[in-house]
Amino acid sequence: MKIGFEAKRIFNNFTGLGNYGRSLLTNLASFYPDNDYLLYTPKLKTSAEVLPFQQKPFQPIVSKATFKSYWRSYGVTKELENSRIDLYHGLSHELPFNIKSSSIKSIVTIHDLIFKRHPHTYPWIDRKIYDYKFKQSCLQADKIIAISKNTKKDIIHFYGIEASKIMVAYQSCNPIYYEPLAIDSQTVLTKYQLPKDYFLFVGSVETRKNIQVLIKAYKHL
């Protein structure tokens, strides 16, 4: 098969969404090495994380368009047709608005609809843009991947999508987290000058991450 991917975050995002795309493609190439994987991106950063995705069986397609946003939303569809792509996967909520009018089958991954559940944690303009794009992607897609049962419920609730169109596929975990470290805990405490009891939060510092509750809990403990 010839599979195309919306790969902006694979090459330019080094947190959650980018990690999701890189992990998925790594496993696809491992289990299905005979497929062709074309990665469509408006730009490409050079780093150790993305280097494997610039080599076979992957093929980065970097946009030459002047208006990158228009290319991602409309123009890329023509390129997909010219390359005879069998399937196009929007890895992070988005598909071209005209994908359904083409002959190409499509899948979109919806990670969450937090901006609908907790709108106060997002600026008004961001909510409007996300809402329009996410809804259109769900309507355009032949199949939707939700990364949790709760996200599936939200897609049904907010966008009225049939449950049969949505498949739940949980996100992967980086293999490094399965490897026990040969290091004494006291060494870590000493190195980072930590007390015996502490909380470790791994993530971006944003209101919607609910860090405030963690701080309040720590006070009571």
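In the largest nonpolar core, which has 25 residues, Tyr40, Leu80, Ile144 and Ile155 touch the most other members; such a core is a set of buried Ala, Val, Leu, Ile, Met, Phe, Trp, Tyr and Cys residues joined through side-chain atoms within 4.5 Å, where buried means under 20% relative accessible area with a 1.4 Å probe and protein chains only. At least two residues of this core are supplied by each of β2, α3 (68–82), β5 (105–110), α5 (124–140), β6 (143–146) and α6 (149–159), the largest share, three residues, coming from α3. Apart from this core lies another, of 17 residues, among them Ala7, Tyr20, Leu25 and Val50.

This is a predicted model, in which local features need pLDDT of at least 70 and side-chain atom pairs count only at pLDDT 80 or more, whereas totals for chains, interfaces and linings use all residues. Residues are numbered from 1 along each chain as its sequence is written, and side-chain values use heavy atoms, with hydrogens and water left out.

The secondary structure comprises eight helices and seven strands, taken as DSSP runs (helices H or I, at least four residues; strands E, at least two) that are numbered from the N terminus. Strand β2 (residues 36–41) is largely enclosed by the rest of the structure, because five of its six residues are buried. On one hand β2 runs parallel to strand β1 (residues 2–6), to which five bridges join it, with leucine 38 as the bridge partner of glycine 4; on the other, β2 pairs in the parallel sense with strand β3 (residues 58–62) over five bridges, and there leucine 38 has glutamine 59 as its bridge partner. Pairing here requires that DSSP finds at least two bridges between two strands.

Strand β5 is likewise mostly covered, with five of its six residues buried. Four bridges join β5 to strand β4 (residues 87–90) in a parallel run, in which glycine 90 is partnered by valine 108. With β6, β5 pairs in the parallel sense over four bridges, and threonine 109 stands opposite isoleucine 145 in β6.

Turning to the whole chain, 34% of its 221 residues count as buried, and its C-alpha atoms fill a box of roughly 60 × 40 × 35 Å along the principal axes. Among contacts (heavy atoms within 4.5 Å) with a separation of 6 or more, residues 24 or more positions apart account for 54%.

Note on methods. Buried < 20%, exposed > 50% of the residue type's maximum accessible area, 1.4 Å probe, protein only.
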